[in-house]
Amino acid sequence: MCGASAVLTEPVQLLTYECDALPHLRESPAIVVLPASAAQVQAVVRLCARDGVPFVARGHGTGLSGGALPVPGGVVISLARLNRVLDIDIPNRLVTVEPGVTNLEITRQVAPFGYYYAPDPSSQQVCSIGGNVAENSGGAHCLKYGFTVHHVVEVEAVLPDGSLTRIGSRLADEPGPDVLGLLVGSEGTLAVVTKVVVRILRRPETVQTLLAAYDTISAAGTAVSEIIAAGIIPAAVEMMDALAIKAAEAAVHPNFPPSDTILIVELDGPATEVRELFAMVEAICRRTGATTVEVAADEAHRLRIWKGRKAAFAAMGRVSPNYYVQDGVVPRTKLPEVLGRIRALSERSGLGIGNVFHAGDGNLHPLICYDESVPGQAELAEQVAGEILTYCVEAGGSITGEHGVGADKKDYMPRMFSEHDLDAFQQVRDALDPQRLCNPGKVLPTPRLCGEVPGPYREHPVERAGLAERF
Amino acid sequence: MAVVPQGRSGTPGEAIDGLTPRLVAEPASGDACAAVLAAAAANSLSTVVRGGGTKSGWGRPIDAVDLVVSTRSLADLLVHRDGDLTVTVGAGVPLARLNTRLSARGQWLPVDSAFAGATIGGVLATNDSGPLRHRFGTPRDLLIGITLALTDGRVIKAGGTVVKNVAGYDLGKLVTGSYGALAAIVDATFKLLPLPHASATLRAVYADPEPLAADAAAIAGGQLEPLAFDVRAGDTPEGPRWTLLARFASSPAAVASQIEAARALVHGETTALREGLETRAWSEQTGLVWEGDGAVVRCSWLPARLGEVLAMVRAMRADCGVTFTGRAGTGSGLLRLTGPDAAVGAAVVRARHDASPVGHVVLLRGSRELRSQVDVWGTAPSAPAAALKRALDPTGILNAGRGPL
């Protein structure tokens with residue numbers, strides 16, 4: 001139904017599809033199909049529904065939680081060939097694309113008109129918009145602009161029974177419950193998206209960025225609290241600790257001042273507003289004890305600051321043979337407390353832990369350093385990573401802020417949700433997928449796989465090729 | 001009376017669509033609420049969840065209500081984490097009361113309902129919103145966590161108390177706009193915003209709609225960032241007037257410069273409104289269509305079609321009295337139509353024609369007769385929405401068939 005060249009069954013061909021950007025979880029699918037139209041996707045899902053075969057939709061494989069991990073004996077539906085931009089409607093600020101279009105391609109298409117697509121996950125050069133919908137992707141600027149769910153207005157999707165349907169609407173206030181809001185972020189477990197309508201935004205008139213260096217992480221934390229208390233919502237607020245700064249310096253030489261903590265604050269909006277509020281932010285940084293405040297003088301300077309920040313993940317490879325990327329969230333005011341616990345954990349375990357995080361929304365990305373050639377260290381790193389999630393949950397936070405639960409963290413779900421909560425999630429899932437064929441084994445814990453522990457970070461091929469960096 | 005825990009007889013003040021419920025329960029906790037729903041399901045009681053009762057006449061006309069579950073006693077919870085810019089609040093807390101509390105700490109939940117008594121639960125269930133949605137979206141965009149009581153007697157949570165979180169299904173969004181047809185909302189957690197430092201509104205008044213639509217497009221296509229961006233059509237002693245309102249809220253200098261920049265773009269007769277005058281203008285704008293008699297119809301359009309929508313509004317004036325307020329940036333508006341039911345009903349049907357510039361035409365307020373003659377929602381639930389309804393309310397006790405689910 002999709003043509004012979006769109007069906008892969010040779011083991012060597014299937015290899016590429018065994019995992020996403022979480023390479024320690026691998027499964028071999030029975031077959032990979034590469035449909036080129038929504039009708040072909042529908043035909044494949046219908047067949048799966050008829051014969052009871054599990055299927056997993058896959059975008060460009062950049063997910064960090066194993067959300068696109070194949071099911072043994074199942075079908076992988078790659079949406080890479082559904083990669084057309086279907087409509088650009090500037091007057092109504094809407095763009096319609098197929099799911100295989102990359103996140104950045106949308107901005108590329110509308111940039112000449114002075115517009116952009118706001119969610120900016122760090123993999124935006126290569127990640128697909130269909131994957132963004134599945135994961136409700138965020139990025140560095142979601143403090144002010146929100147996540148994918150705030151920018152998608154309508155999708156066309158194939159439901160697990162094989163029906164093709166529109167969910168959401170280009171027009172506001174569609175009557176009825178917000179099924180689109182449920183679908184976005186459901187990690188590919190409720191439907192296969194075949195078309196996405198997103199809202200684009202007018203480029204802000206001005207962007208201004210500063211970098212402030214601090215002797216202690218708590219002083220930087222105070223600065224963030226004071227900025228927020230002053231009624232300012234920055235476009236981005238990022239923090240890096242000493243180990244992350246050292247790694248970034250070694251990798252891309254951003255000339256960060258040597259310090260314990262670096263705070264990056266970016267404001268955007270109308271020029272007068274940014275000018276006025278930026279002066280307040282600068283004053284707050286100085287008042288809270290910043291040893292250096294560096295204001296980006298031009299776009300090149302701004303990009304250099306961001307390069308240092310964005311390189312921090314990959315740069316850990318310069319200071320440690322292996323490392324593990326964690327993704328957890330704490331209420332912003334609990335950041336100092338949780339970072340203190342992580343520091344103590346690092347000392348206790350003997351493993352270095354670098355911290356790079358979205359300080360504005362409390363989204364932590366601890367980078368746990370270890371050496372897999374030392375017996376037991378990989379296992380220790382896994383335990384440490386799990387322990388950090390416990391700290392996040394105990395502080396009233398979440399086990400994932402943007403990477404998703406996927407296959408990786410489903411066994412941590414009971415730490416956040418009660419048995420009743422998880423049952424309700426399953427009930428909702430069964431309502432749309434009664435045969436349990438649509439990306440099974442993800443999001444919700446399955447007793448069968450209990451005890452499986454999330455694994456370490458390994459460089460993804462797209463990162464190795466220099467195509468993407470991580471936050 | 002013992003059919004539901006703590007059930008008592010209903011009173012006329014608790015009527016739903018003019019019908020006094022046989023029973024009323026006022027559970028004071030999530031568990032108590034779930035127990036009431038479980039009893040209602042076991043006894044197949046037609047059940048309506050009621051907050052402030054400000055929209056209890058909306059929806060398809062109904063024949064009977066067995067049980068009203070009032071959220072009045074779910075009104076004590078209010079946990080404001082001001083440092084984190086979040087709040088957890090009981091479903092029965094009125095939105096206005098919440099915002100009074102938050103403002104003491106310089107924060108707000110930027111949702112503006114037209115109804116003074118609207119509760120948090122009701123605002124979510126109806127996805128109520130006002131002019132502030134231009135910047136902040138509708139309640140679903142600010143919701144980060146929810147507690148629900150289900151008809152099987154369980155209390156469940158989804159989301160959490162942090163602003164960034166992708167663990168589990170977002171059931172909070174699912175119940176937004178469900179009109180109480182899936183579950184009862186027990187409490188909700190929102191992200192908050194700091195109150196703006198300064199605010200001012202530019203009002204531009206036009207004798208004709210065409211230049212207004214052109215000016216609205218010019219503002220929308222530029223780099224001004226209004227907090228609210230509204231349009232209005234109504235009668236004045238001098239005849240029909242068309243009004244554009246753009247509110248700017250930011251630092252004082254930024255507000256002043258944006259007001260001037262907006263003034264340079266528009267061609268109507270302009271006034272800059274500040275402080276008391278500004279507050280009054282927006283409360284008038286929000287309440288306008290709800291005051292006085294008449295049916296109220298909601299409709300939506302693609303923002304670039306504003307000119308056609310205003311032309312439609314002008315044409316409607318041939319058959320009924322028309323007052324119109326809308327969100328110029330998001331393409332959402334309300335029409336108050338006065339006149340005989342037949343004329344109003346015909347106007348609704350015409351607005352649903354394929355050639356009409358508006359869609360999602362919903363008759364929100366109307367007499368029982370009008371709501372019997374005209375399909376209130378104009379649409380049937382989608383297949384996934386219907387499947388979710390069957391899963392979460394298998395006995396079909398919730399919402400008494402008022403719709404949309």
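How many helices and strands make up the secondary structure of chain B? The secondary structure of chain B comprises 13 helices and 19 strands, where helices (H or I, at least four residues) and strands (E, at least two) are DSSP runs numbered from the N terminus. The radius of gyration of chain B is 22 Å, close to the 22 Å that the globule rule gives for 405 residues, so the chain is as compact as a globular protein of that length; the radius is taken over C-alpha atoms, and the rule is 2.2 Å times the number of residues to the power 0.38. The model is a predicted one, in which local features need pLDDT of at least 70 and side-chain atom pairs count only at pLDDT 80 or more, while totals for chains, interfaces and linings use all residues. Residues are numbered from 1 along each chain as its sequence is written, and chains are lettered from A and ligands numbered from 1 in the order in which they are written.

The C-alpha trace of chain B spans about 65 × 55 × 35 Å along its principal axes. Of its 405 residues, 60% count as buried (20 or more other C-beta atoms within 10 Å of the residue's own, with C-beta atoms placed from the backbone). Among the contacts in chain B with a separation of 6 or more, 69% are made by residues 24 or more positions apart; a contact requires C-beta atoms, placed from the backbone, within 7 Å.

The domain assignment of chain B gives domain 1 (8–72 + 393–401), domain 2 (78–194) and domain 3 (198–373), with bounds from an automatic or database domain assignment. The centres of domains 1 and 3 of chain B, taken over C-alpha atoms, are separated by 35 Å. Their contact takes 4 residues from domain 1 and 5 residues from domain 3.

In chain B, 8 strands form an open antiparallel sheet in the order S15-S12-S14-S13-S17-S18-S16-S19, where two strands pair if DSSP finds at least two bridges between them. Strands S15 (269–273) and S19 (359–365) of chain B are the edges, each pairing on one side only. The twist averages 20 degrees from one strand to the next. Within this sheet, 9 bridges join S12 (residues 198–206) of chain B to S14 (residues 239–250) of chain B, and Val205(B) stands opposite Thr243(B) in S14(B). Helix H9 (residues 275–287) of chain B lies across S12, S13, S14, S15 and S17 of chain B, at about 60 degrees to S12(B); axes are lines fitted to C-alpha atoms, for helices over the stretch in contact, and angles run from 0 to 180 degrees between N-to-C directions.

Elsewhere in chain B, 4 bridges join the antiparallel strands S5 (residues 78–81) and S6 (residues 86–90). Arg81(B) stands opposite Thr86(B) in S6(B). This hairpin has 4 residues between the strands, and Leu85(B) takes a positive phi near 55 degrees.

The contact between the chains takes 69 residues from chain A and 72 residues from chain B. H15(A) supplies the largest share of the side of chain A that touches chain B, 9 residues. Thr400(A) lies in the loop between helix H13 (377–394) and H14 of chain A, and is buried, with 29 other C-beta atoms within 10 Å. Not counting residues up to four places away in sequence, Thr400(A) touches Asp327(A), Val405(A), Lys409(A), Val166(B) and Ala167(B). Thr400(A) and Val329(A), 71 residues apart in sequence, are 6.4 Å apart in space, C-alpha to C-alpha.

Technical notes
Buried ≥ 20, exposed ≤ 12 C-beta atoms within 10 Å, placed from the backbone. Contact = placed C-beta atoms within 7 Å.
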